[in-house]
Amino acid sequence: MALPGVNINFSNGAIKEITPSADCVAGLVATATAVTGTGGSTFALGTGYVIYKRSSLASLGITHTNNPFLYKQVNDFYDNAGEGAELWIMGVAATVKPSEMADQTNAYARKLIQVSNGRIRAIGIAHKPADSYEATITNGLDSDVLIAAQKMQQLAEWATVNLYAPVVGFIAGRGYAKENKTDLPDLTTYSYNRVGILIGDTEIESEGAAIGLLLGKFAACSVEKNIARVKDGALNVSKIYLDDEDPSEADVETLFNKGYITFRTHTGKSGYFFIDDTLATGTNDDYRHLTRRRTADKAYRIIHKTMLEYVQDNIPVTDAGFIQPAYAKSIESEVIASIANEMTANGELGSDPDDSSDKGVTCYVNPQQNIISTSRIDITAKVKPYGYAGYINVELGFLVEEE
């Protein structure tokens, strides 16, 4: 029995607020239950809502009791993203499979991207099926996982081409069990460079994954930072499980080699970290890593915004119908300046600090383009990503003076 006295507990997390960034806007499509209040529906399925803090769930009538799964995902998100992060959420019935949530012909993830006006940069699919659901396990995963990944890739490509709103998607590696890890599909044999598949959850023997946590870490990182960056500190989570194993005891190397996003521990560091930010594509894909995908996507949005001002504009031409060279140079300068102001200045591109002329971006407009006959301007732009020290080799020996 404790001695008489005064017990005071320090609450934690209230001050963890962030400066919202459009680069970090996340979306979550998750299994949920509709909520009806006194004045009617407060949280309808299939409808997109935007929130900026976990307490906003209360205004939608969402509680741990009536929506434990969605409530957990959102709390995992804000535990790692911080209050103030922009999160778009949509609830769907338990009968809706991940592949249906991600299908770009359906009004789920696609609708959420659209109602956000293309602000969403990453969208997660979190599925909690009814107790009666019987998963078909194929190669160590629910057979719907890879179907969902394919659908998400198609949706992300559609959003990029049609909305000029590039996005990445995260899918839970449902059905994972440690005894089947060697049977898992090798994601490096696929070409889904806008999709990451996560294995690991905050609940033991979970058949899903901590999608909310992954989205939260995404939202906490600027585009050039790897979600596995050790310097940023451990994830704000008390426990992680891979099936029923702690990551320190699990065979995370097999998961890593097969291209899954998962968790690990570091000797001498407390807590849990992501192992890397790999997407479900080949090792020779320029966009295999989330950091490079995000860097290119941000440049894409900036270039689109910049060049949109030139659509149907008057373009000066030479007698041969080519773009006037000085005008071509002015386009190059504007593209470079736009990216430099919004990315290089923020440390998001790998420019050489010893070279003042290096902006981390190049742009070329060939003046030998006959715009009179084609009504088209072709531009080549390239941005320089950072390198990432995934492997650090040190040769250590004794310092002994030679005689």
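I will start with confidence and then turn to the charged pairs.

This is a predicted model, where local features need pLDDT of at least 70, side-chain atom pairs count only at pLDDT 80 or more, and totals for chains, interfaces and linings use all residues. Residues are numbered from 1 along each chain as its sequence is written, and side-chain values use heavy atoms, with hydrogens and water left out.

Confidence, then. pLDDT is the predictor's confidence in each residue, from 0 to 100. The protein chain has a mean of 91, and 91% of its residues reach 70 or more. Residues 5–15 fall below 50, and beyond near neighbours in sequence they have zero contacts in the model (heavy atoms within 4.5 Å).

Now the salt bridges. The rule is a side-chain nitrogen of Lys or Arg within 4 Å of a carboxyl oxygen of Asp or Glu. The count is 18.

Take R174 and E207. Their closest N and O atoms are 3.3 Å apart. The partners sit 33 residues apart, in distant parts of the chain. R174 lies in the loop between β9 and β10, E207 in the loop between β11 and α6. Helices (H or I, at least four residues) and strands (E, at least two) are DSSP runs, numbered from the N terminus.

Buried or partly exposed: which is R174? Buried, because its relative accessibility is 8%. E207 is partly exposed, at 49%. Buried means under 20% relative accessible area, exposed over 50%, partly exposed in between (1.4 Å probe, protein chains only).

Next, K239 pairs with D246 at 2.9 Å, N to O. K239 is partly exposed at 29%; D246 is buried at 11%. Elsewhere, shared partners join D23, K298 and E348 into one network.
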